[in-house]
Amino acid sequence: MAYKDAIKMLRAKMIVTQTELADLLGVRFGTVNRWEAGAYEPTIKSKRKLDPLFKKYGIEVEEKI
């Protein structure tokens, strides 16, 4: 699954807004918004923060090579 879809699914499973997820990850609302729109992918630092959440909620992300 692409990051944009994985992040949308994560928010749905966690029942949080883009703003709440942004606060949890230490990024801005606009950053999460752009990830979900597919405009940008998370940075390596953000991916490290997202990874345990994806694992906890059983979401598999497909890395681009």
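Good morning. The structure is a predicted model, in which local features need pLDDT of at least 70 and side-chain atom pairs count only at pLDDT 80 or more, while totals for chains, interfaces and linings use all residues. Residues are numbered from 1 along each chain as its sequence is written, and side-chain values use heavy atoms, with hydrogens and water left out.

I begin with the helix contact. Helix 1 covers residues 3–14 and helix 4 covers residues 44–56; helices here are DSSP runs of H or I with at least four residues, numbered from the N terminus. The two axes come within 11 Å and cross at roughly 55°. Axes are lines fitted to C-alpha atoms over the stretch in contact, and angles run from 0 to 180 degrees between N-to-C directions. Helix 1 is therefore oblique to helix 4, since angles under 35 degrees count as roughly parallel, over 145 as roughly antiparallel, 65 to 115 as roughly perpendicular and the rest as oblique.

Which residues make the contact? Helix 1 contributes Tyr3, Ala6, Ile7, Leu10 and Met14, and helix 4 contributes Lys47, Leu50, Leu53 and Phe54, contact meaning heavy atoms within 4.5 Å. Eight of these residues are nonpolar, none is polar and one is charged.

I turn now to the salt bridges. The structure holds three of them, each defined as a side-chain nitrogen of Lys or Arg within 4 Å of a carboxyl oxygen of Asp or Glu.

Glu36 pairs with Arg11, with the closest N and O atoms 2.4 Å apart. This pair links distant parts of the chain, as Glu36 lies in helix 3 (residues 29–37) and Arg11 in helix 1, 25 residues apart. Are these two residues buried or exposed? Both Glu36 and Arg11 are buried. Buried means under 20% relative accessible area, exposed over 50%, and partly exposed in between, with a 1.4 Å probe and protein chains only.

Lys47, a residue of the helix contact, also forms a salt bridge with Glu41, at 3.1 Å from N to O. Lys47 counts as buried because its relative accessibility is 16%, whereas Glu41, at 31%, counts as partly exposed.

Lys55 and Asp51 form a further salt bridge, with the closest N and O atoms 3.2 Å apart. These residues are four apart in helix 4, so about one helical turn separates them. Lys55 is exposed at 62% relative accessibility, and Asp51 is partly exposed at 34%.

How values were computed: Helices (H or I, at least four residues) and strands (E, at least two) are DSSP runs, numbered from the N terminus. Ala, Val, Leu, Ile, Met, Phe, Trp, Tyr, Cys and Pro count as nonpolar, Asp, Glu, Lys and Arg as charged, and the others, Gly among them, as polar.
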